[in-house]
Amino acid sequence: MKAPGTEEGASPGIMSCYLDSLSLVERLHRLLLDVIKDEFERLGILEINPVQALLLFNIGENEVTAGELKTRGYYQGSNVSYNLKKLVECGYMHHQRCEIDRRSVRVKLTAKGVDLRERVTALFERHAKGMDARNVITLDAMDEMNRTLRRMERYGSDQIRYIY
């Protein structure tokens with residue numbers, strides 16, 4: 001398979017590993033959503049979905065706009081504005097129009113939202129502790145993996161910038 005604009009395609013080894021990496025990242029994200037959904041079902045939390053839980057987790061103690069959230073997290077196949085509206089309706093968030101740009105809405109967690117965020121944090125802490133206890137991955141290996149994923153992310157971002 002030849003890359004567009006090149007004389008020769010990627011070596012079969014790097015192409016195979018690259019496609020495998022992309023698939024793994026996507027599957028890990030879907031698995032994360034399933035794990036959150038399973039945890040919420042166990043806790044009897046049925047009014048919000050896993051993507052909304054990740055929104056709460058990523059907002060944390062901050063007051064942010066929908067645009068800022070889109071750049072901070074990965075919400076696969078989701079409409080951030082719709083999910084924020086649902087979280088406000090369910091009482092997990094406060095929202096307020098921005099004084100400078102009336103089209104923009106700023107959001108922050110309510111006490112109910114903070115409580116749910118703490119439950120998601122506890123879930124993530126249990127998983128991190130469990131992976132460490134079972135030697136699933138070392139801290140050094142995870143740190144190297146994260147550095148590699150950031151380099152791949154920068155490369156992809158650079159490709160988008162150079163298209164235009």
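Because the model is predicted, local features need pLDDT of at least 70 and side-chain atom pairs count only at pLDDT 80 or more, while totals for chains, interfaces and linings use all residues, and side-chain values use heavy atoms, with hydrogens and water left out.

**The whole chain**

Show the protein as a cartoon and follow the elements from the N terminus, where they run α-α-β-α-α-β-β-α-α; helices here are DSSP runs of H or I with at least four residues, and strands are runs of E with at least two. Then colour by pLDDT, the predictor's confidence in each residue from 0 to 100. The average is 87, and 89% of the residues score at least 70. Helix α3 (residues 66-72) has the lowest confidence, at a mean of 75, whereas helix α5 (residues 111-133) has the highest, at 97.

Of the 164 residues, 23% are buried, where buried means under 20% relative accessible area, exposed over 50%, and partly exposed in between (1.4 Å probe, protein chains only).

**The second largest pocket**

Next select T65, A66, S81, L84, K85, V88, H95, R97, V105 and V107, which line the second largest pocket. A pocket is defined on a 1 Å grid over the protein atoms alone, as an open set of points where a 1.4 Å probe fits, with protein on both sides within 12 Å along at least five of seven lines, and lining residues have an atom within 4 Å of a point. Its volume is about 150 Å³, a volume being the space filled by probe spheres set on the points, which are joined across faces, edges and corners. Helix α4 (80-89) and strands β2 (93-97) and β3 (105-109) each supply at least two lining residues, and α4 gives the most, with four.

**Q52**

Move to Q52 in helix α2 (residues 50-59). Q52 counts as buried because its relative accessibility is 5%. Leaving aside residues up to four places away in sequence, show E47, N83, K86 and L87, which Q52 touches; contact means heavy atoms within 4.5 Å.

**N135**

Finish at N135, in the loop between α5 and α6 (139-163). N135 has a positive phi of about 55°, although it is not a glycine. Is N135 buried or exposed? N135 is exposed, with a relative accessible area of 67%.

Technical notes:
Residues are numbered from 1 along each chain as its sequence is written.
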